[in-house]
Amino acid sequence: MRIEVQQQGRSARASVDGRLDAAWTDTFAARMDELVRAGADTIVVDASRLSFLSSLGIRCLITLSQRLRAVGGSFRLADPSDSVRKVIDIARLGPILLVSSNHAIAAPVTAVAFSGDGFTGERRVLDDRAQARVEPIEPSSAPQAWRGGASTIFLGYAALASAAADARGRFGECMAIAGALAVQPTDSPEHHFMDQGNGAMPAWIHAGLDVSGAMRHFAHVEAVDDRGAAVSAIVRACIAAEKGPVAVAIAGLSAGLCGAAARTSPDGWTAPLDPRDGDGVRKRLRFTGEPSWIGESTLIGGIAGAPGCGVPGLVPLAEGVHAHLHGLACAFRALPRDATPLATIARQLVLEQPIRGIVHLVDDPRPDGAGQSRVRRACVWWSPLSGGAR
């Protein structure tokens, strides 16, 4: 099989010469996946030289169509050969798989430019009255039951256990958005996740930040080069747009996450973590060492503001940006560019994709440092934080 591809932004056109059968379906699917990872969500395949379409090939085409429709895009065949059209007609899949000459084009949503160091994009208002607030949860010998809901972000240390007593010694990095929670336990290599709506086991909180409220803005951003855009640059742009501290969530294609995760359960730490105590830090935390999970999907959430903004729980992240952010990496999944609810995306990534890791984001831009967390493209939601200096 020979596959030729042309891509321009979100649209791609491919021409296929050969057979889409058991021998070539995986090759074709892999090439289409490369286009999706490169940002294409509308793909048209010139099938005039596609000589054969097997049942396995049909399944591949349907899967691609469903995958792109789920993110507001489309996958269709144009000018199929007579043999391929006959197969599609028999299966009654023409309305799903073939290009329609009267396909309606949706009118664009009004948006304004949103750009920063290393990225460009557009933003729009979701709810001009939305506002978020943050509540610190201090370490306690008595763990709290997590009660997250559809408009809540939690980041900190948590454990899944049938009772509070069973959670002791098992707390690890946690991020929860919109009722979908994931934990990286310190006593197990397996990641735990749950759906707040039907989770079979409750989650217990040792310490962290609980952020509640709706999101005011949505943006879709693209990095200007293959290195990706620094997460700190995107957050800085959100702070500038809001002219104050923000609650923020980012979902997109990872160009590498840098951070730290608890090595031992924090409820066993006998003293506060002292950054000046290198040996103590290494005993309690493990670091990525270099940008990790490149090419996977990522979900990032937390709070941020300028130095001195008055919001509790913030630490220096980059020049002019103090933040407390957690990042979750999971198996790649294409995401929509339109203003999809954060809850929908969070549940898809946390509950439906294999989780690779969870870290507290820590940037180290020194020449010999671990680097900066970056994304190649992303959906961004943010809202002003109440309680900080404006």
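A nonpolar core is taken here as a set of buried Ala, Val, Leu, Ile, Met, Phe, Trp, Tyr and Cys residues joined through side-chain atoms within 4.5 Å. Buried means under 20% relative accessible area, exposed means over 50%, and partly exposed lies in between (1.4 Å probe, protein chains only). The structure is a predicted model, in which local features need pLDDT of at least 70 and side-chain atom pairs count only at pLDDT 80 or more, while totals for chains, interfaces and linings use all residues. Residues are numbered from 1 along each chain as its sequence is written, and side-chain values use heavy atoms, with hydrogens and water left out.

**Nonpolar cores**

- The largest nonpolar core has 34 residues, and those with the most contacts inside it are Ile-177, Leu-299, Ile-303, Leu-328 and Trp-381.
- Helix H8 (residues 342-352) gives the most to this core, with five residues; helices (H or I, at least four residues) and strands (E, at least two) are DSSP runs, numbered from the N terminus.
- Another core, of 32 residues, lies apart from it and includes Ala-223, Cys-238, Leu-257 and Ala-329.
- Leaving aside neighbours within four places in sequence, Leu-299 is in contact (heavy atoms within 4.5 Å) with Met-175, Ile-177, Ile-250, Ala-251, His-326, Gly-327, Leu-328, Ala-346, Leu-349 and Val-350.
- In soluble globular proteins, nonpolar side chains tend to be buried together.

**Pocket and cavity**

- Both terms refer to a 1 Å grid over the protein atoms alone: a cavity is a set of points where a 1.4 Å probe fits but cannot get out, a pocket is an open set with protein on both sides within 12 Å along at least five of seven lines, and lining residues have an atom within 4 Å of a point.
- Grid points are joined across faces, edges and corners, and a volume is the space filled by probe spheres set on the points.
- The largest pocket holds about 1,200 Å³ of space. Its lining comprises 39 residues, of which Tyr-157, Leu-273, Val-315, His-324 and His-360 are the closest to its centre.
- The lining of the largest pocket divides into 26 nonpolar, nine polar and four charged residues, where Ala, Val, Leu, Ile, Met, Phe, Trp, Tyr, Cys and Pro count as nonpolar, Asp, Glu, Lys and Arg as charged, and the others, Gly among them, as polar.
- There is one cavity of 30 Å³ or more, and the largest cavity has a volume of about 160 Å³.
- Of the 18 residues lining the largest cavity, Val-36, Arg-333, Ala-334, Leu-335 and Arg-377 lie nearest its centre.
- Strand E16 (246-254) and strand E23 (374-384) each supply at least two residues of that lining, which by class has ten nonpolar, four polar and four charged residues.

**Cysteines**

- The model has zero disulfides, a disulfide being a pair of cysteine sulfur atoms within 2.5 Å.
- The sulfur of Cys-174 is 15 Å from the closest cysteine sulfur, in Cys-330, which is too far for a bond.
- Cys-174 counts as buried because its relative accessibility is 0%; Cys-60 counts as buried at 9%.

**Backbone details**

- Most residues other than glycine have a negative phi.
- Arg-92, not a glycine, has a positive phi of about 60°. Arg-92 lies in the loop between helix H3 (82-90) and helix H4 (94-97) and is exposed, with a relative accessible area of 73%.
- Trp-293 also has a positive phi, near 65°. Trp-293 is placed in the loop between strand E18 (285-287) and strand E19 (297-305) and is partly exposed at 23%.
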